[in-house]
Amino acid sequence: MSSPKVLFGFHAVGVRLKTAPQSIIEIYYEPTRRDARMRQFLDRAREANARLIEADGLRIAKLAGSHGHQGVAARVEAVTQVRSLDELLEQLEPTGVPPLLLVLDGITDPHNLGACLRVADGAGAHAVIAPKDHAAGINATVAKVASGAAETMPYFMVTNLARTLGELKERNIWIIGTSDDAPKTLYQVDLKGPVALVLGAEGTGMRQLTRKTCDELVSIPMAGAVESLNVSVASGVCLYEALRQRS
(Lines give C-alpha, C1' and ligand atoms only; values in the text may rest on other atoms or scores of the structure.)
Protein backbone atom coordinates (compact mmCIF):
# COMPACT_ATOMS: atom_id res chain seq x y z
CA MET A 1 0.00 0.00 0.00
CA SER A 2 1.52 3.33 -0.99
CA SER A 3 1.59 6.11 1.57
CA PRO A 4 -1.08 8.85 1.46
CA LYS A 5 -0.35 11.96 -0.59
CA VAL A 6 -1.56 15.54 -0.31
CA LEU A 7 -3.63 17.40 -2.92
CA PHE A 8 -4.31 21.11 -2.57
CA GLY A 9 -6.38 23.81 -4.25
CA PHE A 10 -10.05 23.72 -5.32
CA HIS A 11 -9.40 22.11 -8.72
CA ALA A 12 -7.21 19.22 -7.58
CA VAL A 13 -9.27 18.33 -4.50
CA GLY A 14 -12.54 18.93 -6.39
CA VAL A 15 -11.55 16.48 -9.14
CA ARG A 16 -10.73 13.82 -6.54
CA LEU A 17 -14.11 14.44 -4.83
CA LYS A 18 -15.79 13.90 -8.18
CA THR A 19 -13.82 10.88 -9.42
CA ALA A 20 -12.79 8.92 -6.30
CA PRO A 21 -14.35 10.35 -3.11
CA GLN A 22 -13.72 7.07 -1.24
CA SER A 23 -9.96 7.65 -1.57
CA ILE A 24 -10.09 10.88 0.48
CA ILE A 25 -8.87 10.39 4.06
CA GLU A 26 -9.61 13.94 5.24
CA ILE A 27 -9.99 17.47 3.92
CA TYR A 28 -8.51 20.48 5.72
CA TYR A 29 -10.15 23.83 5.09
CA GLU A 30 -9.79 27.40 6.28
CA PRO A 31 -13.01 28.34 8.17
CA THR A 32 -12.29 32.08 7.85
CA ARG A 33 -12.83 31.81 4.09
CA ARG A 34 -16.61 32.08 3.66
CA ASP A 35 -17.00 33.06 -0.02
CA ALA A 36 -19.32 31.29 -2.48
CA ARG A 37 -16.56 29.08 -3.90
CA MET A 38 -15.66 27.72 -0.47
CA ARG A 39 -19.33 27.20 0.46
CA GLN A 40 -19.98 25.24 -2.77
CA PHE A 41 -16.83 23.19 -2.21
CA LEU A 42 -17.83 22.30 1.38
CA ASP A 43 -21.34 21.34 0.23
CA ARG A 44 -19.82 18.90 -2.30
CA ALA A 45 -17.45 17.51 0.33
CA ARG A 46 -20.34 16.93 2.77
CA GLU A 47 -22.42 15.24 0.04
CA ALA A 48 -19.49 12.88 -0.52
CA ASN A 49 -19.31 12.22 3.26
CA ALA A 50 -15.70 13.42 3.37
CA ARG A 51 -14.13 14.05 6.78
CA LEU A 52 -13.71 17.84 7.15
CA ILE A 53 -11.16 19.42 9.50
CA GLU A 54 -10.88 23.14 10.23
CA ALA A 55 -7.31 24.46 9.97
CA ASP A 56 -5.63 27.83 9.68
CA GLY A 57 -3.81 28.92 6.52
CA LEU A 58 -0.37 28.26 8.01
CA ARG A 59 -1.19 24.65 8.89
CA ILE A 60 -2.64 24.04 5.41
CA ALA A 61 0.44 25.64 3.80
CA LYS A 62 2.68 23.34 5.84
CA LEU A 63 0.64 20.30 4.82
CA ALA A 64 0.56 21.33 1.14
CA GLY A 65 4.14 22.54 0.98
CA SER A 66 2.81 25.64 -0.76
CA HIS A 67 1.03 28.90 0.04
CA GLY A 68 -1.07 28.57 -3.16
CA HIS A 69 -3.52 26.18 -1.50
CA GLN A 70 -6.62 28.49 -1.68
CA GLY A 71 -7.57 27.40 1.84
CA VAL A 72 -8.09 23.74 0.91
CA ALA A 73 -5.92 20.60 1.14
CA ALA A 74 -6.68 16.89 1.36
CA ARG A 75 -4.84 13.77 2.44
CA VAL A 76 -5.72 11.04 -0.06
CA GLU A 77 -4.90 7.42 -0.80
CA ALA A 78 -3.31 6.70 -4.19
CA VAL A 79 -5.90 5.73 -6.81
CA THR A 80 -5.11 2.63 -8.86
CA GLN A 81 -4.57 3.71 -12.45
CA VAL A 82 -4.26 1.63 -15.58
CA ARG A 83 -0.65 0.42 -15.66
CA SER A 84 -0.04 0.18 -19.41
CA LEU A 85 -1.37 1.31 -22.76
CA ASP A 86 -2.15 -2.33 -23.68
CA GLU A 87 -4.20 -2.73 -20.49
CA LEU A 88 -6.14 0.45 -21.27
CA LEU A 89 -6.93 -0.62 -24.85
CA GLU A 90 -7.97 -4.11 -23.71
CA GLN A 91 -10.35 -2.57 -21.17
CA LEU A 92 -11.84 -0.36 -23.90
CA GLU A 93 -12.36 -3.18 -26.43
CA PRO A 94 -15.51 -4.81 -24.95
CA THR A 95 -17.17 -1.38 -24.49
CA GLY A 96 -17.20 -0.72 -28.25
CA VAL A 97 -15.96 2.85 -27.67
CA PRO A 98 -13.35 3.77 -30.32
CA PRO A 99 -10.05 4.83 -28.67
CA LEU A 100 -9.15 8.53 -28.84
CA LEU A 101 -5.46 9.05 -28.01
CA LEU A 102 -3.25 12.14 -27.91
CA VAL A 103 0.41 11.58 -28.81
CA LEU A 104 2.93 14.32 -27.95
CA ASP A 105 6.30 14.19 -29.69
CA GLY A 106 9.02 16.32 -28.11
CA ILE A 107 6.94 18.36 -25.63
CA THR A 108 9.44 19.27 -22.90
CA ASP A 109 7.71 22.26 -21.27
CA PRO A 110 5.79 21.16 -18.13
CA HIS A 111 3.28 24.02 -18.59
CA ASN A 112 2.46 22.74 -22.08
CA LEU A 113 2.15 19.15 -20.84
CA GLY A 114 -0.15 20.20 -17.98
CA ALA A 115 -2.37 22.15 -20.38
CA CYS A 116 -2.43 19.18 -22.83
CA LEU A 117 -3.50 16.79 -20.05
CA ARG A 118 -6.24 19.20 -19.02
CA VAL A 119 -7.63 19.56 -22.55
CA ALA A 120 -7.35 15.78 -23.16
CA ASP A 121 -9.41 15.14 -20.02
CA GLY A 122 -11.97 17.77 -21.06
CA ALA A 123 -12.41 16.31 -24.54
CA GLY A 124 -12.75 12.75 -23.24
CA ALA A 125 -9.48 11.36 -24.65
CA HIS A 126 -8.51 7.98 -23.22
CA ALA A 127 -4.78 8.57 -22.78
CA VAL A 128 -1.83 10.81 -23.57
CA ILE A 129 1.35 9.16 -24.91
CA ALA A 130 4.88 10.60 -25.09
CA PRO A 131 8.42 9.26 -25.62
CA LYS A 132 10.56 8.79 -22.48
CA ASP A 133 13.30 10.92 -24.07
CA HIS A 134 12.57 14.49 -25.22
CA ALA A 135 9.44 14.80 -23.06
CA ALA A 136 8.30 16.29 -19.75
CA GLY A 137 7.34 13.93 -16.95
CA ILE A 138 4.63 14.56 -14.37
CA ASN A 139 5.87 16.99 -11.71
CA ALA A 140 4.29 19.56 -9.38
CA THR A 141 4.14 22.22 -12.14
CA VAL A 142 2.43 19.81 -14.54
CA ALA A 143 -0.07 18.77 -11.85
CA LYS A 144 -0.91 22.40 -10.98
CA VAL A 145 -1.39 23.47 -14.63
CA ALA A 146 -3.42 20.31 -15.35
CA SER A 147 -5.92 21.36 -12.62
CA GLY A 148 -6.64 17.80 -11.51
CA ALA A 149 -6.27 16.11 -14.92
CA ALA A 150 -2.82 14.74 -14.00
CA GLU A 151 -4.79 12.56 -11.55
CA THR A 152 -7.39 11.33 -14.03
CA MET A 153 -5.73 11.24 -17.46
CA PRO A 154 -3.49 8.20 -18.09
CA TYR A 155 -0.06 9.41 -19.26
CA PHE A 156 2.19 6.77 -20.79
CA MET A 157 5.86 7.46 -21.48
CA VAL A 158 7.12 4.89 -24.00
CA THR A 159 10.68 3.84 -24.85
CA ASN A 160 10.23 3.86 -28.63
CA LEU A 161 7.44 6.12 -29.95
CA ALA A 162 7.60 4.89 -33.57
CA ARG A 163 7.30 1.27 -32.40
CA THR A 164 4.35 2.17 -30.14
CA LEU A 165 2.60 3.88 -33.08
CA GLY A 166 3.23 0.71 -35.13
CA GLU A 167 1.59 -1.37 -32.38
CA LEU A 168 -1.41 0.99 -32.36
CA LYS A 169 -1.75 0.45 -36.14
CA GLU A 170 -1.85 -3.32 -35.52
CA ARG A 171 -4.87 -2.62 -33.30
CA ASN A 172 -6.49 -0.76 -36.25
CA ILE A 173 -5.98 2.66 -34.66
CA TRP A 174 -5.51 5.29 -37.39
CA ILE A 175 -2.46 7.51 -36.78
CA ILE A 176 -3.11 11.13 -37.78
CA GLY A 177 -0.21 13.55 -37.53
CA THR A 178 -0.44 17.34 -37.65
CA SER A 179 1.80 19.33 -39.96
CA ASP A 180 1.67 22.87 -41.37
CA ASP A 181 2.34 21.57 -44.91
CA ALA A 182 -0.26 18.75 -44.94
CA PRO A 183 -2.53 18.71 -48.02
CA LYS A 184 -5.72 18.05 -46.00
CA THR A 185 -7.08 20.05 -43.10
CA LEU A 186 -8.27 18.60 -39.80
CA TYR A 187 -11.86 19.21 -40.89
CA GLN A 188 -11.53 16.95 -43.96
CA VAL A 189 -10.74 13.72 -42.10
CA ASP A 190 -12.96 11.21 -40.31
CA LEU A 191 -12.16 11.17 -36.58
CA LYS A 192 -15.10 8.99 -35.52
CA GLY A 193 -13.16 5.72 -35.52
CA PRO A 194 -10.16 4.60 -33.41
CA VAL A 195 -7.70 7.50 -33.70
CA ALA A 196 -4.35 8.64 -32.32
CA LEU A 197 -3.68 12.34 -32.94
CA VAL A 198 0.04 13.15 -33.07
CA LEU A 199 1.35 16.64 -32.32
CA GLY A 200 4.94 17.85 -32.27
CA ALA A 201 6.59 20.76 -30.52
CA GLU A 202 5.71 24.25 -31.72
CA GLY A 203 8.15 25.32 -34.44
CA THR A 204 10.05 22.05 -34.91
CA GLY A 205 6.97 19.83 -35.24
CA MET A 206 7.13 16.03 -35.15
CA ARG A 207 10.42 14.21 -35.54
CA GLN A 208 11.01 12.72 -39.01
CA LEU A 209 10.55 9.07 -37.95
CA THR A 210 7.30 9.92 -36.14
CA ARG A 211 6.05 11.74 -39.23
CA LYS A 212 6.88 8.75 -41.48
CA THR A 213 4.96 6.42 -39.14
CA CYS A 214 1.69 8.42 -39.46
CA ASP A 215 -1.08 7.04 -41.72
CA GLU A 216 -2.18 10.55 -42.64
CA LEU A 217 -1.13 14.15 -42.11
CA VAL A 218 -3.51 17.08 -41.55
CA SER A 219 -3.09 20.79 -40.96
CA ILE A 220 -4.99 23.20 -38.74
CA PRO A 221 -6.18 26.11 -40.93
CA MET A 222 -4.49 29.38 -39.93
CA ALA A 223 -6.49 32.42 -41.05
CA GLY A 224 -4.41 35.19 -39.47
CA ALA A 225 -0.81 36.37 -39.42
CA VAL A 226 0.63 33.80 -36.97
CA GLU A 227 2.01 30.61 -38.50
CA SER A 228 1.31 28.09 -35.74
CA LEU A 229 -0.53 27.48 -32.48
CA ASN A 230 0.84 26.53 -29.08
CA VAL A 231 0.75 22.72 -28.78
CA SER A 232 -1.86 22.70 -26.01
CA VAL A 233 -4.16 24.95 -28.07
CA ALA A 234 -3.59 22.76 -31.15
CA SER A 235 -4.35 19.66 -29.04
CA GLY A 236 -7.62 21.26 -27.95
CA VAL A 237 -8.62 22.11 -31.54
CA CYS A 238 -7.91 18.54 -32.71
CA LEU A 239 -9.46 16.68 -29.77
CA TYR A 240 -12.61 18.79 -29.71
CA GLU A 241 -13.09 18.28 -33.46
CA ALA A 242 -12.92 14.53 -32.76
CA LEU A 243 -15.43 14.96 -29.92
CA ARG A 244 -17.72 17.01 -32.19
CA GLN A 245 -17.67 14.34 -34.90
CA ARG A 246 -18.29 11.56 -32.37
CA SER A 247 -21.23 13.41 -30.85
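Predicted model: local features only at pLDDT ≥ 70, side-chain atom pairs only at ≥ 80, totals over all residues.

Residues are numbered from 1 along each chain as its sequence is written, and side-chain values use heavy atoms, with hydrogens and water left out.

**Exercise 1.** Work out the strand order of the open sheet of seven strands, and find its edge strands.

*Solution.* Step one: strands are DSSP runs of E, at least two residues, numbered from the N terminus, and two of them pair if DSSP finds at least two bridges between them. Step two: the order reads β7-β6-β5-β10-β8-β11-β9, with parallel pairing. Step three: β7 (155–158) and β9 (184–185) are the edges, as each pairs on one side only. Step four: zoom in on β6 (residues 127–131), which pairs with β7 over four bridges; here Ile129 sits opposite Phe156.

**Exercise 2.** Where do Gly200, Ile220 and Leu229 sit relative to one another?

*Solution.* Step one: an unreviewed UniProt entry gives these three as "binding site"; such annotations may be inferred rather than shown by experiment. Step two: they span 30 residues in sequence, yet no two of their C-alpha atoms are more than 13.0 Å apart, so they gather at one spot. Step three: check burial (buried is under 20% relative accessible area, exposed over 50%, partly exposed in between; 1.4 Å probe, protein chains only). Ile220 is buried at 18%, while Leu229 is partly exposed at 27%. Step four: look at contacts (heavy atoms within 4.5 Å). Not counting residues up to four places away in sequence, Ile220 touches Leu229, Ala234, Val237 and Cys238.
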